[in-house]
Amino acid sequence: MMGDMVESQQKQSRWAPILLFAYNRPEHIRRCVESLLANTLAGESDLFVFSDAPKSEADRPGVEEVRAALRDIHGFHSVSIVERDTNWGLARSIIDGVTRLVESRGRVIVVEDDLVVAPYFLQFMNDALDIYEDEPRVGHIQACDFTQDAHLPDTFLIKWTGSWGWATWKRAWQHFNPDGRQLLQQLEERGLTRTFDFNGKYGFTRMLRRQIEGKNNSWAIRWNASLFLKDILSLNVGRSLVSNEGFDGSGTNCGGGGLYASNLYLQPLEVQKITPIAENMAARKVFERYYARTNSFWAKAKRRILRTLKGDFGA
């Protein structure tokens with residue numbers, strides 16, 4: 001059974017609801033919430049927190065500490081908490097939470113517990129949701145940049161969906177296909193796998209195959225493929241409003257500390273509608289070069305050697 005959503009009786013905020021997904025990392029959730037509360041729109045935004053149940057007894061103390069911290073959250077327009085009665089895993093929890101909230105609110109901002117956001121993150125996301133609301137070729141907003149490439153403009157359109165601090169609308173989420181097998185079949189039939197993989201520089205297709213095989217449970221790769229196949233673009237940033245703090249060994253899906261580091265941009269980031277609505281191919285080349293530099297055999301081997309020298313013998 002799933003815990004019931006206990007919603008505040010206050011009038012709904014006009015701003016997009018914030019969906020926060022938490023598990024068993026109390027220090028991370030505290031940092032994440034503190035960074036959200038430092039945002040200019042926090043006091044006017046509704047926060048919905050989805051707390052997953054422990055997978056094992058070893059995880060229970062962390063989950064209980066997280067839930068205690070969540071019940072003490074104040075400073076938002078309203079706070080609603082879902083405490084899962086059984087362990088759903090991140091993918092199922094995110095798919096359910098996003099689906100429920102876009103149905104009732106039309107749009108969502110999604111944050112996971114290991115993220116720290118900049119003070120103008122919420123303003124940027126809401127501005128972008130407003131400006132691109134009626135643009136069907138834009139289906140996703142991503143506020144994290146880990147390339148740290150000065151050639152990127154402040155905002156740009158690209159056929160790729162990052163999952164660290166993002167937002168979408170009901171009209172776009174209806175394109176989400178949870179069936180990875182169907183998505184892979186379409187990519188292969190249309191000869192799009194190499195393009196999907198940034199000209200072969202990163203194994204997104206392999207990630208999708210592994211999801212099909214049950215070797216990962218990524219919702220993000222399915223969302224990425226769903227919009228890619230529909231030729232729907234993402235609005236991305238060249239100045240990062242999100243930092244992923246989860247590369248410390250505490251999470252289940254993180255590794256490669258420093259590889260995806262971001263420098264938080266602490267000033268307001270203006271959103272202007274990009275015309276024409278088309279992928280920024282120069283920005284795509286930036287990502288291609290980034291993945292070529294960081295995902296090659298020799299780059300991976302170097303990282304493994306450095307981790308081993310530091311005494312980290314993990315995968």
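Me: Before we start, what do the pLDDT cut-offs and numbering look like?
Reply: It's a predicted model, so to speak of local features takes pLDDT of at least 70, side-chain atom pairs count only at pLDDT 80 or more, and totals for chains, interfaces and linings use all residues. Residues are numbered from 1 along each chain as its sequence is written, and side-chain values use heavy atoms, with hydrogens and water left out.

Me: OK, H6 and H9: at what angle do the axes cross?
Reply: Roughly 40 degrees, with the axes of H6 (residues 180–189) and H9 (residues 219–229) coming within 10 Å. That makes H6 oblique to H9 (under 35 degrees is roughly parallel, over 145 roughly antiparallel, 65 to 115 roughly perpendicular, the rest oblique).

Me: Which residues meet there?
Reply: From H6, Gly180, Leu183, Gln186 and Leu187; from H9, Arg222, Ala225, Ser226, Phe228 and Leu229. They divide into five nonpolar, three polar and one charged.

Me: Switching to Ser51, buried or exposed?
Reply: Ser51 counts as buried, at 0% relative accessibility (buried is under 20% relative accessible area, exposed over 50%, partly exposed in between, with a 1.4 Å probe and protein chains only). Ser51 lies in strand E2, residues 46–51.

Me: What is Ser51 in contact with?
Reply: Leaving aside neighbours within four places in sequence, Ala22, Arg67, Leu70, Val82, Glu83 and Arg84, where contact means heavy atoms within 4.5 Å.

Me: And where is Thr155 found?
Reply: In strand E7, residues 155–158. Thr155 counts as buried too, at 14% relative accessibility.

Me: How far apart are Thr155 and Glu270?
Reply: 115 residues in sequence, but 8.6 Å in space, C-alpha to C-alpha.

Definitions and conventions: Axes fitted to C-alpha atoms, helices over the stretch in contact; angles between N-to-C directions. Helix = DSSP H or I, 4+ residues; strand = E, 2+ residues; numbered from the N terminus. Nonpolar A, V, L, I, M, F, W, Y, C, P; charged D, E, K, R; others polar.
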